[in-house]
Amino acid sequence: MQLYSLGTPNGQKVTIMLEELLALDETGAEYDEHLIRIGEGDQFSTGFVAVNPNSKIPALLDTGTGSRVFESGAILLYLAEKFGHFLPKEVAARTEIMNWLFWLQGAAPYLGDGFGHFYAYAPEKFEYPINRFTMEVKREMDVLDRELSEHRYLGGDEYSIADIATWPWYGNLVRGEAYGAGEFLQVESYRNLRRWAEEILERPAVQRGRMVNRTRGAPSEQLHERHDASDFDLKTQDKLAPESAA
Ligand SMILES: N[C@@H](CCC(=O)N[C@@H](CS)C(=O)NCC(=O)O)C(=O)O
């Protein structure tokens, strides 16, 4: 597997999935990860566009089948079906997971491109979009919180690609790790969502997956490119020579 990505929430979905598959001894999920620096325009290079014509990370090339896969939701579904994990086979249970997977793919842009952009990154604090997207993101957290008051995981009691897709967005958000907005959004009030977020973070594969392609935060938690399982121990930014760590 050749993965072209960056450690944003959409990127983390895929590296967490691949690490989860490897934790189940699915050796076919062994992957090379190539860092795509979207701030420097790598996503517009000819090589990247051949794998994802939409010029957005993440993009996956399965060299075994020759399939290119783009859109993080499609990548999760492809890997779940290829390896037969994290997606139930029985129709009703599978449908419920697909409901939440598609929900996330539709909801996350309100969080990232809507709330996150206007709350944290826009050059000015525009009141109208901040209010609009705050209301929507709090509504989305409430939807998740209610679901997780009835089930251990999204759509049921088994960990699935719905959780893997959602955790990098709403798990990080409810843990107060996104946009410096924990207090503003009163994240501590979403108790079931927080319980779920903490439980998922305990998974070793999640801890590894969130380090891959990360270019911010503690150097010991940044593994810019992953080509081998040993890279987690040997090639995080704190362990690389200063000239190659740039
Ligand atoms: N719907 C896409 C969204 C992917 C996406 O928005 N990727 C962002 C980073 S998280 C990106 O590559 N942005 C680069 C750009 O817009 O030029 C998916 O789920 O894969």
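User: Which residues are around the ligand?

Analyst: A word on the model before we start. It is a predicted one, where local features need pLDDT of at least 70, side-chain atom pairs count only at pLDDT 80 or more, and totals for chains, interfaces and linings use all residues. Residues are numbered from 1 along each chain as its sequence is written. A residue is near a molecule if its C-beta atom, placed from the backbone, lies within 6 Å of it. Here, the residues around the ligand are Thr8, Asn10, Ile38, Gln43, Ser55, Lys56, Ile57, Pro58, Glu71, Ser72, Gly73 and Gln105.

User: How many residues of that shell are nonpolar, polar and charged?

Analyst: Ala, Val, Leu, Ile, Met, Phe, Trp, Tyr, Cys and Pro count as nonpolar, Asp, Glu, Lys and Arg as charged, and the others, Gly among them, as polar. The shell has 3 nonpolar, 7 polar and 2 charged residues.

User: What is the peptide bond from Ile57 to Pro58?

Analyst: That bond is cis, with omega near 0°. Helices (H or I, at least four residues) and strands (E, at least two) are DSSP runs, numbered from the N terminus. With those names, Pro58 sits in the loop between α2 (46-51) and β3 (59-62).

User: Which face of strand β2 is covered?

Analyst: In a regular strand the side chains alternate between the two faces of the sheet. In β2 (residues 32-35), Glu33 and Leu35 form the covered face, while Asp32 and His34 form the uncovered one.

User: In what sense do β1 and β2 pair?

Analyst: Two strands pair if DSSP finds at least two bridges between them. Strand β1 (residues 2-5) pairs with β2 in the parallel sense over 4 bridges. The chain goes from β1 through helix α1 (residues 9-23) to β2, a right-handed β-α-β crossover; right-handed means that, with the strands pointing away from the viewer, the path from the first strand over the helix to the second runs clockwise.

Note on methods
A residue is buried if 20 or more other C-beta atoms lie within 10 Å of its own, exposed if 12 or fewer, and partly exposed in between; C-beta atoms are placed from the backbone.
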